[in-house]
Amino acid sequence: MDWSLCYPAFVVPDTQLVTEDHALKPLTKPVTIADIGCGFGGLLVALSPLLPDELILGLEIRTQVTEYVEDRISALRSQHEISSPGLYQNIACLRANTMKFLPNFFTRGQLSHIFLCFPDPHFKARKHKARIVSSTLCAEYAYVLKPGGCVYTITDVEDLGEWMRRRFEAFGNSGVRGEDDGVETREGQGKGVFEKIELPEEGKEGEWVVEGGEKGQMGMLVRCIREETEEGKKVSRNGGKKFVSVYRRRKDPAWP
Ligand code: SAM
């Protein structure tokens, strides 16, 4: 990946990495946060000033939506060029089908956070294979996340939240037989790769935020996915419910 076009402010000056067919400009740091199916980029824009030291990437399958987010980011960069030059330099958006290409973008253990916000529910059973959480895709999320890194999920469809929970909790759990289109879960049968984190109630994230540290950051991020995503705002306007979960990637015993 040549990331220099996405994050020009983070390119190492006067350096090129020359491979057989490319000359890449390396960045000072890797991307560590991915918003999968980022839509119109509300979460990216909200996270940029909150996590100024992280490089954050939105991945979106629709070409026109991706172009809208790219334009939105470059307009924000220009608007703040003089007053706050670093602002919005740490976010970018790429067009990609993450169901096919996620491991092409990231190396093993590269990411600290993955956001799956309001994924398309694909209600009909024959469409379930298009959902962006499945046993197979859990393997990819586990691969690109570092041990201790977290997947954040939010949906207004309770059944889909439950579907995602069953798959994340079953993945890598030897006490559970996982299938892509009908995971059989036997609760409490052992530890899988992902551990579900207990979260503050809606509206009480502030109590975590004041505690600071990792818990404080999680409270802030949970508040962001509830309130700053375009879909989250739409659900609030319609008085709907939001189901949030966070899954921490356990340390793999094979890791040093
Ligand atoms: N996350 C945004 C939010 O919360 O406002 C948008 C949610 S929208 C319901 C789901 C988004 O996921 C759509 O923009 C859709 O194009 C995108 N999407 C669906 N499948 C995808 C895939 N395989 N790879 C990347 N994006 C995908």
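Colleague: Which helices and strands each supply at least two residues of the lining of the largest pocket?
Modeller: Those are β3 (31-36), α1 (42-50), β4 (55-60), α3 (98-105) and α8 (230-237). Helices (H or I, at least four residues) and strands (E, at least two) are DSSP runs, numbered from the N terminus. The largest share is four residues, from α8.

Colleague: What should I keep in mind about the model itself?
Modeller: It's predicted, so local features need pLDDT of at least 70 and side-chain atom pairs count only at pLDDT 80 or more, while totals for chains, interfaces and linings use all residues. Residues are numbered from 1 along each chain as its sequence is written, and side-chain values use heavy atoms, with hydrogens and water left out.

Colleague: OK, how much space lies in the largest pocket?
Modeller: About 730 Å³. A pocket here is an open set of points on a 1 Å grid over the protein atoms alone, where a 1.4 Å probe fits, with protein on both sides within 12 Å along at least five of seven lines; lining residues have an atom within 4 Å of a point. The volume is the space filled by probe spheres set on the points, which are joined across faces, edges and corners.

Colleague: And how many residues line the largest pocket?
Modeller: 34, with G37, E60, F118, P119 and D120 nearest its centre. By class, that lining has 16 nonpolar, nine polar and nine charged residues. Asp, Glu, Lys and Arg count as charged, Ala, Val, Leu, Ile, Met, Phe, Trp, Tyr, Cys and Pro as nonpolar, and the others, Gly among them, as polar.

Colleague: Switching to the ligand, where does the ligand sit?
Modeller: In the largest pocket, meaning more than half of its atoms lie within 2 Å of the pocket's grid points.

Colleague: Which backbone atom is 2.9 Å from a ligand oxygen?
Modeller: A polar one of E231. For E230, a backbone N or O atom lies 3.3 Å from an oxygen atom of the ligand.

Notes. A polar contact is a pair of N or O atoms within 3.5 Å; within protein, one must be able to donate a hydrogen and the other to accept it, and residues adjacent in sequence count only if both atoms are side-chain atoms.
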